[in-house]
Amino acid sequence: MGGGEPKKSGGEPKKSGGGGKKKEVKKETGLGLTNKKDENFGEWYSEVVVNGEMIEYYDISGCYILRPWAMAVWEIMQNFFDAEIKKMKIKNCYFPLFVSPAVLQKEKDHIEGFAPEVAWVTKSGQSDLEVPIAIRPTSETVMYPYYSKWIRGHRDLPLKLNQWCNVVRWEFSHPTPFIRSREFLWQEGHTAFATKEEADTEVLEILELYRRIYEEFLAIPVIKGKKSELEKFAGGFYTTSVEAFIPNTGRGIQGATSHCLGQNFAKMFEINFENEKGEKSMVWQNSWAYSSRTIGVMIMVHGDDKGLVLPPRVASLQVVVVPVPYKDADTQGIFDACSATVDTLCEAGIRAEADLRDNYSPGWKYSHWEMKGVPLRIEIGPKDFDNNQVRAVRRDNSAKKDIPRAELVEKVNQLLEDIQKSLFVAAKEKRDACVQVARTWEEFVEALGQKKMILAPWCDEEEVEKDVKARTKGEMGAAKSLCSPFDQPELPEGTKCFASGKPAKKWSYWGRSY
């Protein structure tokens, strides 16, 4: 999917006026998208993220400016997640951006997994650095030398740290805003425990928080599961993830990951402690992260041909109030009613603003705020003003409802809650319609051609997985295992693997992915 420079469609009309002339009201919208989601998904996505004012393209390929409209979504998720991990006694910290090569290359499997993506600083001014310095692609090797220094005895455990930061991963084709960028925002948690049981428990607790971010905030259904040995985190013990799916492209997308690192890094970085019996032990470690990719998944799943569709829980603006004055109407009265409506909503904790600009027509404003995905629009015209009511229009399905001013807060809260639920239900129905069970190779290939996410019985062998990748390689990209769901359907005895014909050990989801 391309994420190149999009065609700019429209943009803000120039403000006219001055010189005593009548103020010209802009009616033509110039705001519509030139691409349709179902016809040219890549171009549609590029257009939506720019026209919806989520990002601005930057002069370095694969780097994007995150505008306030996008950052607000990130901050809402951050506030939720940060509060939840603090309840788990996880503390925030910050480690440097730069990594020395000696430390980076210490964990062999780990660095091999990231080697092509590591960016290096080689110069300072005009002079070459004696030793190049890497920019963190992730922070295991940055942090763990200090874990070995801080952890001495069992009383120093557990050590549970998280940092909110940026990372850089350079090597890839087709950069795509939010989904695949060279620098992105994330949180990364790094924890160390005395026992495997404690580590296992935390992996799943964090994974549940990631499910909640997707399902309760972004209104996106996800599948919780375990990654295959081939797809797990480089150098880790096992990887769990929440997997989303984009019906329009028929691609799975890894939503967030929670890894148990086992004792692999403890061995490399000598993170040892004296246990209660006075014996020397190695710690068990986890690392877990979700990134600004979450925002891209939200845009892809919910957006439509009018632009963004933001779930109310993450929308920086939940309600926009637009005055609709006609000739000879009490314009000032209508404007005052709009301002009063905003005040009432804001006092009740609803994020609301009025668009009182007088050089744009109401129609232009409707298109503008629809493009930006505001969940609910409230219109106040002369009739509404006279009847002491407002008209509410939903962004998700365009349904209109007249609300008496006296019931404003209660009814708006109900509508926002309903929009949040409806978006999730619609996304789940679309996702579920794309899931296909395949028991044979022929069924698998057919379903893959139909852009499905495929649930298939598998022998759980790495060579077979590599073979599936090789056999499905094509213009669209190879299929791979997405995850083995924790929620396993029954596997009748004698069930064979779809790809090898050997006895199947579990059900796994397969498909193309981002």
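Residues are numbered from 1 along each chain as its sequence is written. In this predicted model, local features need pLDDT of at least 70, side-chain atom pairs count only at pLDDT 80 or more, and totals for chains, interfaces and linings use all residues, while side-chain values use heavy atoms, with hydrogens and water left out.

## Overall fold

The chain holds 14 helices and 23 strands. Helices (H or I, at least four residues) and strands (E, at least two) are DSSP runs, numbered from the N terminus. The radius of gyration is 26 Å, close to the 24 Å that the globule rule gives for 514 residues, so the chain is as compact as a globular protein of that length. That radius is taken over C-alpha atoms, and the globule rule is 2.2 Å times the number of residues to the power 0.38. Along its principal axes, the C-alpha trace spans about 85 × 55 × 50 Å.

Of the 514 residues, 53% are buried. Buried means under 20% relative accessible area, exposed means over 50%, and partly exposed lies in between (1.4 Å probe, protein chains only). The accessible surface comes to about 23600 Å², and carbon and sulfur atoms account for 49% of that surface. Areas come from the Shrake-Rupley method with a 1.4 Å probe; for residues, only the protein chains shown count as cover.

The chain carries 72 positive and 75 negative side chains. The centres of the two sets lie 2 Å apart. Lys and Arg count as positive and Asp and Glu as negative; His and the chain ends are not counted. The place of a charge is NZ of Lys, CZ of Arg, CG of Asp or CD of Glu.

Helix H13 covers residues 441-449. Its residues Trp441, Phe444, Ala447 and Leu448 are buried. They cover an arc of only 130° around the axis, which puts them on the same side of H13. The arc is that of the directions from the helix axis to the C-beta atoms. An α-helix has 3.6 residues a turn, so residues three or four places apart point the same way.

On the other side of H13, Glu442, Glu446 and Gly449 are exposed. The buried residues pack against four elements: strand S20 (435-437), strand S21 (453-458), helix H14 (462-471) and strand S23 (506-513).

Lys451 follows H13 and sits in the loop between H13 and S21. Lys451 is partly exposed, at 35% relative accessible area.

## Helix H8

Helix H8 (residues 293-302) is mostly covered, with 10 of its 10 residues buried. Among them are Arg293, Met298 and His302.

## Backbone exceptions

Most residues other than glycine have a negative phi, and most peptide bonds are trans. Lys451 has a positive phi, near 60°. Phi of Ala219 is also positive and near 60°. Ala219 lies in the loop between helix H6 (196-217) and strand S9 (223-226). Ala219 is buried, at 0% relative accessibility.

A cis peptide bond joins Leu157 and Pro158, with omega at about -10°. Pro158 belongs to the loop between helix H5 (140-150) and strand S7 (159-168).

## Residues paired across the sequence

| Pair | Apart in sequence | C-alpha separation |
|---|---|---|
| Ala134 and Ala119 | 15 residues | 5.9 Å |
| Leu185 and Val167 | 18 residues | 6.7 Å |
| Gly363 and Val324 | 39 residues | 9.2 Å |

Ala134 is part of strand S6 (residues 127-135). Its relative accessible area is 0%, which makes Ala134 buried. Leaving aside neighbours within four places in sequence, Ala134 is in contact with Leu97, Phe98, Val99, Leu104, Val118, Ala119 and Trp120.

Leu185 belongs to strand S8 (residues 183-193). Leu185 is partly exposed, at 23% relative accessible area. Not counting residues up to four places away in sequence, Leu185 touches Leu66, Met71, Trp74, Cys165, Asn166, Ser291 and Ser292.

Gly363 is in helix H10 (residues 362-371). Gly363 counts as partly exposed, at 33% relative accessibility.

Conventions: Contact means heavy atoms within 4.5 Å.
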